[in-house]
Amino acid sequence: MDNQNFSRAARREQNDRNKEPSRGPKPPKPPRKRKKIWRWILMIILIIFVVGGIVFARALHNIHKSVDSMQRSSNITKARDVKQVMKDGKPFSVLVLGTDTGALQRDRTGLTDSMMIVTINPKTKTTTMMSIPRDIMMAISGAENTFPQKLNAAFPIAGVGSAMMTLQNYLNVPIDFYVLANMGGLEKMIDQVGGVKVASPLTFTYTPEADTTPETYKFVKGQEQFQYAKDGKNFKSFATMNGNAALSFSRMRYDDPQGDYGRQLRQRLVLKAMLKKSASPSTLFNSKFMASISKNVETDMNYNEMLNAVKKYMPATKNQVSDYLHGVGDMYDGVSYQMVPESEKQRVTNKLRQSLSLPEKKTGTQFGSTVPPLSYGVAETNLNTINETLDSQK
């Protein structure tokens, strides 16, 4: 037992001698694992920032290119300094024009069958969409000698600036920008955002191209769900409208009891749904979506103004108010027009100016511009429809 204890003690002493450090310099301590982990985490964060910055820069570059390709001047002097309006973050207005002539050309083609004044107020966080009847009898600004004309003829006759000036004079409301959209291109844009959901205001069946294909849609009042049959017989139900369905939904006019006013309502519903889906960074930085817009939209808003709008005005698109200017049907020389009573014009003027945080003012001119002396009789005849007489044309 004593020998065992001795041998154990001897072994411990030997082990202790082996553990004693040599006389040379001490070797450096190995780095702790925790420091390695944090180093990797910092490196990963740095990579994320670098890659993220590149992606963001590319996204902005794509947006810049898209905006540049669709920008075109209205060639008019605006009623106010729109650059200062945007810089100050004040409410602004946009005339939205919809044409159905296929791919947009950088030249005047086709009538603007859809017309809407949109105001965006960041303080009240409200977007107001006011539909304007396309058939209002007008003296087109810059082409007064063609009186009488329908409002939707202003664009092909004298350009988008003329349409802006005519409506501005007609309602006494400043129009800061315009957006000209090819309604056919709306189909592609809606597809890019994954479709929209819209509850139909009425029940109707619609065959978009009855002469060439039997494809048919069935919409039901108060429901987002609709039916579609490519062969016109075997229907399937859907809850989300793709581009073709949304375009068909917004185009139908003749079977609507409200006629063109009903179509305007459905167009507003589609536009509202589109705004909700597209008003997000993921959509705005989608190169395919921006490319689709650039091919089908034209505007006089430049890149900085559009970027400013995204930064300051985006929350205002979530609360949307819809309305329309209501006219009275009128026939002259075998052509149907709309005449709008002054009381209705004043109501719309008040609403639009209020949405722009502007003081109340009297509504604008009766026909949007000066009626030529040789056409006074024509103007008086049509004003009789709404029990009004021609104002001084000085």
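Two strands are said to pair if DSSP finds at least two bridges between them. By that criterion, strand E9 (residues 226-229) pairs with E10 in the antiparallel sense, over three bridges. The structure is a predicted model, and the protein has 394 residues. This briefing covers the protein as a whole and then one of its sheets.

**Overall composition**
- The protein contains 13 helices and 14 strands.
- Of its 394 residues, 43% count as buried.
- When contacts between residues at least 6 apart in sequence are considered, 65% of them join residues at least 24 apart.

**The four-stranded sheet**
- Four strands form an open sheet in the order E7-E8-E9-E10, and their pairing is antiparallel.
- At the edges lie strand E7 (204-206) and strand E10 (236-238), each of which pairs on one side only.
- From one strand to the next, the twist averages 25 degrees.

**The E9-E10 pair**
- Three bridges link strand E9 (residues 226-229) to E10.
- Phe226 has Phe238, in E10, as its bridge partner.

**The helix on the sheet**
- Helix H7 (residues 243-251) packs on this sheet and touches E7, strand E8 (216-219) and E9.
- The direction of helix H7 makes about 70 degrees with that of E8.

Note on methods: Residues numbered from 1 in each chain as written. Predicted model: local features only at pLDDT ≥ 70, side-chain atom pairs only at ≥ 80, totals over all residues. Heavy atoms only, no water. Helix = DSSP H or I, 4+ residues; strand = E, 2+ residues; numbered from the N terminus. Buried < 20%, exposed > 50% of the residue type's maximum accessible area, 1.4 Å probe, protein only. Contact = heavy atoms within 4.5 Å. Axes fitted to C-alpha atoms, helices over the stretch in contact; angles between N-to-C directions.
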